[in-house]
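Subject: A structure for you to explore

Hi there,

Here is the structure I promised to pass on to you. Please open it beside this email, and then follow along as I go through what turned up.

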Amino acid sequence: MDALKTPREIAAFIQKEQIEVVDLRFMDFPGLWQHFSIPAREMSEEAFERGVGFDGSSIRGWQAINESDMLVKPVPETAFVDPFFAAKTLVLICNICDPVTGEDYTRDPRNIARKAEAYLKTTGVADIAYFGPEAEFFIFDDVRFDQNAHEGYYHLNSDEGQWNSGRIENPNMGYKIRYKEGYFPVPPMDTLQDIRSEMMLTMERIGIPIEAQHHEVATGGQSEIDMRFSSLVRMADSMLKYKYVIKNVARKYNKTATFMPKPIFGDNGSGMHVHLSLWKGEKNLFYGEGYAGLSECAMYAIGGLLKHAPGLLAFTSPTTNSYKRLVPGYEAPVNLAYSRRNRSAAVRIPMYSTAPRAKRLEFRCPDPSCNPYLAFSAMLMAALDGVLNKIDPGEPLDKDIYDLPPEELAKVPQTPGSLRESLTALEKDHAYLLKNDVFTQDVIETWIRYKMDKEVLALDLRPHPWEFALYYDI
């Protein structure tokens with residue numbers, strides 16, 4: 001469908017295409033898409049201005065029960081026809097507003113991303129920031145998990161998983177992907193080509209340009225579909241559509257998709273390497289004559305990302321499971337350094353093309369469990385802090401990390417070892433996020449409190465299955 005830009009165009013489209021339902025979507029604080037639907041006749045032009053009410057106290061990390069009323073205000077240019085619902089449904093992504101003051105809600109992640117884009121322009125550094133995430137995910141055939149007072153377990157299965165090479169399948173054809181060898185053999189080993197192609201084409205139909213799809217390194221259904229880069233808010237919107245399509249196409253095939261960073265022990269986890277560049281007019285500010293074809297602006301941006309990385313990861317790698325991925329040995333970006341060829345460095349400079357328009361940074365720490373509005377905004381704020389304060393990133397790390405002598409390796413700073421460590425770092429280092437009220441102090445404190453109470457401490461309280469293997473016979 002052609003891009004719709006105004007409430008009047010939306011109203012005309014609803015009539016012309018005989019839309020039956022309008023689905024209003026927004027992002028909760030931790031990072032899940034939420035929605036409710038109204039009959040298409042209720043989507044008047046005035047509704048875009050006055051908003052539609054809902055209960056904000058039932059959304060994670062949001063309002064208290066005594067101040068629960070909130071408004072969603074649909075954004076016309078985000079419209080797309082849902083590819084999965086039986087009734088013909090038009091989806092509109094919404095901003096969140098306070099019904100009393102009429103102001104944008106400070107804990108609305110999309111509002112934070114909009115403010116980050118606005119702040120960029122006020123600095124005079126650049127007009128636009130482009131983001132290109134490469135989100136990985138797993139497609140499984142079955143998942144079971146539970147934790148209660150007397151038991152705790154998880155069980156994953158994939159027909160192409162190496163662990164099923166000896167399973168009785170009547171017949172077992174033997175084409176199982178070996179651990180760390182999923183990048184990327186043709187079928188019959190790759191069993192997910194048709195599913196990924198349907199995911200890719202469905203995304204294209206709802207307005208997300210795709211560059212490639214392929215199997216990823218891990219056994220057991222790890223995959224990747226790459227979107228073409230876009231501006232911050234638009235890319236975060238696309239990231240939510242991306243997850244929605246992948247999960248629902250998987251379900252159509254009676255499979256299940258997860259963006260959990262490290263579901264399989266002993267094989268690669270799922271990252272979301274994010275490509276970033278700053279532009280002014282038609283000029284890519286990251287292209288230059290320095291190291292790896294970078295400009296001084298790009299080097300300072302790297303300096304900001306590396307300086308703030310320990311706390312920044314609380315937004316870009318925001319789950320306890322994220323730190324099961326950020327460990328040495330799996331191409332994990334655990335070293336807070338930059339390099340044009342070292343994939344264990346937090347920042348890599350892709351060298352596939354030397355064209356000025358293609359020059360960019362790749363921040364490799366993020367994973368797809370993040371809330372993209374918050375993660376991209378925090379990345380932009382860190383990079384801008386580097387540019388504005390001319391933060392020196394130091395020397396590049398082009399050596400093989402695993403061949404470094406211990407005394408040299410000890411000098412390379414590493415990513416936090418846990419979500420608790422990253423949240424502690426964020427608590428100490430977040431002044432750069434508060435510029436122009438992009439992130440408010442309330443948002444930072446609420447994020448830390450929510451993550452500590454609901455995730456870090458919740459996990460600390462529960463026995464782990466491996467503890468029984470280690471300690472039961474003590």
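Predicted model: local features only at pLDDT ≥ 70, side-chain atom pairs only at ≥ 80, totals over all residues.

To find Leu-285, look in the loop between strand 15 (283–284) and helix 6 (296–316). Setting aside residues up to four places away in sequence, Leu-285 touches several others, among them Val-125, Ala-126, Trp-279 and Cys-297. Tyr-130 is 155 residues from Leu-285 along the chain, yet 11 Å separates their C-alpha atoms.

**The whole chain**

Now zoom out. The protein chain is built with twelve helices and 18 strands. Its radius of gyration is 23 Å, close to the 23 Å from the globule rule for 474 residues, so the chain is as compact as a globular protein of that length. Along the principal axes, its C-alpha atoms fill a box of roughly 65 × 60 × 50 Å.

Of the 474 residues, 54% count as buried. Among contacts in the chain with a separation of 6 or more, 68% are between residues 24 or more positions apart. The accessible surface is about 22,000 Å², and carbon and sulfur atoms own 51% of that surface. As for charge, there are 53 positive and 66 negative side chains, and the centres of these two sets are 2 Å apart.

**Helix 5**

Just after helix 5 comes Asn-254, with a positive phi of about 60°.

Glu-224 itself lies in strand 11 (residues 222–227) and counts as buried, at 4% relative accessibility.

**The loop between strand 9 and helix 4**

What kind of peptide bond joins Asn-170 and Pro-171? That bond is cis, with omega about 0°, and Pro-171 is in the loop between strand 9 and helix 4. Phe-184 is found in this loop too, and the peptide bond from Tyr-183 to Phe-184 is also cis, with omega near -20°.

Lys-180 has its place in the loop as well. Although Lys-180 is not a glycine, its phi is positive, at about 65°. Lys-180 is partly exposed, with a relative accessible area of 40%.

Asp-190 sits in that loop, between strand 9 (152–157) and helix 4 (193–205). Is Asp-190 buried or exposed? Asp-190 is buried, with a relative accessible area of 5%. Leaving aside its neighbours within four places in sequence, Asp-190 is in contact with Glu-160, Ile-177, Pro-185, Arg-196 and His-215. Gly-152 is 38 residues from Asp-190 along the chain, and the C-alpha atoms of the two are 32 Å apart.

**Towards the two ends**

Pro-7 is found in helix 1 (residues 7–16) and is partly exposed, with a relative accessible area of 25%. Which residues does Pro-7 contact, leaving aside its neighbours within four places in sequence? They are Glu-45, Phe-48 and Pro-76.

Asp-437 is not a glycine, yet its phi is positive, at about 55°.

Best wishes,
Your colleague

How values were computed. Residues numbered from 1 in each chain as written. Heavy atoms only, no water. Helix = DSSP H or I, 4+ residues; strand = E, 2+ residues; numbered from the N terminus. Rg over C-alpha atoms; globule rule 2.2 N^0.38 Å. Buried < 20%, exposed > 50% of the residue type's maximum accessible area, 1.4 Å probe, protein only. Contact = heavy atoms within 4.5 Å. Areas by Shrake-Rupley, 256 points an atom, 1.4 Å probe, with all protein chains shown as cover. Lys, Arg positive; Asp, Glu negative; His and termini not counted. Charge placed at Lys NZ, Arg CZ, Asp CG, Glu CD.
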